[in-house]
Amino acid sequence: MKSTSRHAAIVTAALLIAGGALAGPAAADGAYDATVAGFSSPTPLVALATSSTQQVVVGNLPAGVGVYALHCKVPADPRQPPTACDASTGSLAYVPAVAAARASLTTPLKINGEFFGTNPNPTAGPSTGESVDCRAATGNPRSTTCAVYILGAGKESANPAYIRFFPTVFSPVKPDRRAD
């Protein structure tokens, strides 16, 4: 009799553990990842139109963590944070931190081939900005002028676990710019 009770308790415990593992919120316990247009970092986003909207998909975002997605000029030292980012309507995506983990979420991001770039995080006074042409050749076939950055927000902004980088490559400019 004791053996049957112990066996029933073990089976019940196993079912509870298995059921908990299949529950929805637990799905957010996997590894964080973010993609743009279905591509993983650091895959370049190629053949982009002069202006297009791409979907940013964030998976397994932990509780208390938010993220930004921005399209920026790549700094001369690519290990440095971007200082000239597109601030036009729809070109900045922000996912605020919430108390619960999130298994998956999608947000649109407008990616422009040309923009007036401003510093998204100025440290010394206001940002003056600059005109950015992401289609300009860099002279290095291994680098691009611009990229989509996905960064942690707030206290997680410098956490490398949340940084994703997607170089952007635009279709060539047509001779008749009216269709650009």
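## Overall architecture

The protein chain contains 1 helix and 12 strands, where helices (H or I, at least four residues) and strands (E, at least two) are DSSP runs numbered from the N terminus. Read from the N terminus, the order of elements is α-β-β-β-β-β-β-β-β-β-β-β-β. This is a predicted model, in which local features need pLDDT of at least 70 and side-chain atom pairs count only at pLDDT 80 or more, while totals for chains, interfaces and linings use all residues. Residues are numbered from 1 along each chain as its sequence is written, and side-chain values use heavy atoms, with hydrogens and water left out.

## Burial, surface and contacts

Of the 180 residues in the protein chain, 32% are buried; buried means under 20% relative accessible area, exposed means over 50%, and partly exposed lies in between (1.4 Å probe, protein chains only). The chain exposes about 10,600 Å², and carbon and sulfur atoms supply 61% of that area. Accessible areas come from the Shrake-Rupley method with a 1.4 Å probe, and for residues only the protein chains shown count as cover.

Among contacts in the protein chain with a separation of 6 or more, 68% are between residues 24 or more positions apart; contact means heavy atoms within 4.5 Å.

The whole structure holds 5 salt bridges, each defined as a side-chain nitrogen of Lys or Arg within 4 Å of a carboxyl oxygen of Asp or Glu. One of them joins the side chains of Asp33 and Arg164, with an N to O distance of 3.5 Å. This pair links distant parts of the chain, since Asp33 belongs to strand 1 (residues 33-36) and Arg164 to strand 12 (residues 164-170), 131 residues apart. Asp33 is partly exposed at 32% relative accessible area, whereas Arg164 is buried at 14%.

Glu114 and Arg135 meet through their side chains in a salt bridge of 2.3 Å, N to O. Here too the pair links distant parts of the chain: Glu114 lies in strand 9 (residues 114-118), and Arg135 lies in the loop between strand 10 (130-133) and strand 11 (146-152), 21 residues apart. Glu114 is partly exposed, with a relative accessible area of 39%, while Arg135 is buried, with 19%.

Arg135 also forms a salt bridge with Asp133, the closest N and O atoms being 3.7 Å apart. Asp133 is partly exposed at 33% relative accessibility. Through shared partners, these salt bridges join Glu114, Asp133 and Arg135 into one network.

## Thr168 in strand 12

Thr168 is located in strand 12 and is buried, at 1% relative accessibility. Its side chain makes a polar contact of 3.0 Å with the side chain of His71. A polar contact is a pair of N or O atoms within 3.5 Å; within protein, one must be able to donate a hydrogen and the other to accept it, and residues adjacent in sequence count only if both atoms are side-chain atoms. Leaving aside residues up to four places away in sequence, Thr168 touches Leu45, Leu48, His71, Ile111, Thr144, Cys146, Ala147 and Val148.

Glu156 occupies the loop between strand 11 and strand 12 and is buried, with a relative accessible area of 16%. Residues up to four places away in sequence aside, Glu156 touches Val65 and Tyr162. The C-alpha atoms of Glu156 and Val67 are 8.4 Å apart in space, although the two residues are 89 residues apart in sequence.
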